[in-house]
Amino acid sequence: MKKIKLGVAACAAVILALSNVTIMTSAAVDSDAMPKAAVASSKSDASQIIVDTKTAAPGEDVTVALSLKNNPGITGMVLRISYDSTALKLKLVEDKWSNLMYSQTLDVNPYKIMWFDGLNNVKTNGEVCNFTFTVNENAALKDYDIEVSYSEGDICDNLEQDVHFDMVSGKITVKNPTVDVTGVTLTPAKKELKIGETVTLTSKITPDNATDKKVTYKSSNEKIATVDANGKVTAIAEGSADITATTADGKYTATSKITVVHVHNLVKVAKKDATCTENGNIEYYKCEKDGAMFADAEGKKALTESDIVIKAVAHKFGDWNITLAATETAEGVEERVCGDCGKKETRSIPKLNPGDDKPTTDNPGGDKPATDNPGDDKPATDDNPGTGSSASLSAALGALALGAAVVMKKKK
Ligand SMILES: [Zn+2]
Ligand SMILES: [Zn+2]
């Protein structure tokens, strides 16, 4: 816009606008008579004219403020606010400086605001005015820029020098009205899984039309069960873990209790016959993990230790047999053998008592008839060979009796 000089220093646009102007109530505005340099030296203290960014739903009214920041001192200002008229309708402009001038009806786009002090440089910061828009019911759900701009010469100080401001446009984000979450449930509320099995939990947000129905999942013990972003739970190890779903606003939670159950790992144990001295067992199935025993491979019929054992049987000994006959001077030996395992048992046979086996009639030799056969007088080598065996026999008989006694004792 072209700048025109007029008696008192003033911005051309302001003066031009004065021909058709509405002056708002004229409360005093902070002013500073001292001229100041306009250009900011760095970003942080840059002079800015800023329009807010807001969110609104179709049909709603929304108000955005226009503010000054790091105002170096101005005496006149003309700004234009442009927006998408198909989505937004300017409903109200509120003057925060109390002496803005408007020259248009609200339906003019860009909308122009003017301010003029005339003499003083005004360094006021903060809200200059705000704009209330009504969002069209049919507005597309997207961002609508609210642009603020000025032309060369439209912002000046009391020496008619241009004052530079950076323009920071705002926007109105149109989206459906927010419906707050009021609760969440998680199903199933509890579940038993075997290691490696999965279940996908379902979270239900109320109300149905809540704006943000997202939830996050967390396991109380990832060593037992893990959960992914979609609520899919994987059983890792025996034990239990709580899976918690938390609503996006963090206000509501629901929990599902996951129990990872023990699964037997059954291996077949072959039948083992008992021996004379060692227990055997029937065929059964044993869990490698916890030692549980079952009659079947499916682990349906549990067995106890006494169910599976086959008791050791006693040796099945045969009769005692004399392997070394006892004499009057030496003990004998006898043995018996287990017919099942071949185990031998031996025991001694007591010495024979002298005489108890000599038949007294044995040797009438003293009164030998005088057959005087000198050869007759054989020495006592004439011992009846039978005596020996008869002595052994009696010992054996005795031993048998003894053995019988032992057996009887055992039976008691
Ligand atoms: Zn087991
Ligand atoms: Zn045996």
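The chain averages a pLDDT of 82, and 75% of its residues score at least 70; pLDDT is the predictor's confidence in each residue, from 0 to 100. This is a predicted model, in which local features need pLDDT of at least 70, side-chain atom pairs count only at pLDDT 80 or more, and totals for chains, interfaces and linings use all residues. Residues are numbered from 1 along each chain as its sequence is written, while chains are lettered from A and ligands numbered from 1 in the order in which they are written.

**Overall build**
- The chain has 31 strands and 3 helices (DSSP runs numbered from the N terminus: E, at least two residues, for strands; H or I, at least four, for helices).
- Of the 412 residues, 21% are buried (20 or more other C-beta atoms within 10 Å of the residue's own, C-beta atoms being placed from the backbone).
- Among contacts with a separation of 6 or more, 67% join residues 24 or more positions apart (contact: C-beta atoms, placed from the backbone, within 7 Å).

**Nonpolar cores**
- The largest nonpolar core has 39 residues, and Ile49, Leu66 and Val135 are among those with the most contacts inside it (a core is a set of buried Ala, Val, Leu, Ile, Met, Phe, Trp, Tyr and Cys residues joined through C-beta atoms within 7 Å).
- Strands supplying at least two residues each to this core include β4 (61-69) and β5 (76-82).
- β9 gives the largest share, 5 residues.
- Another core, of 17 residues, lies apart from it and includes Val215 and Ala245.

- Where pLDDT is low, the predicted coordinates should not be read in detail.

Terms used. Buried ≥ 20, exposed ≤ 12 C-beta atoms within 10 Å, placed from the backbone. Contact = placed C-beta atoms within 7 Å.
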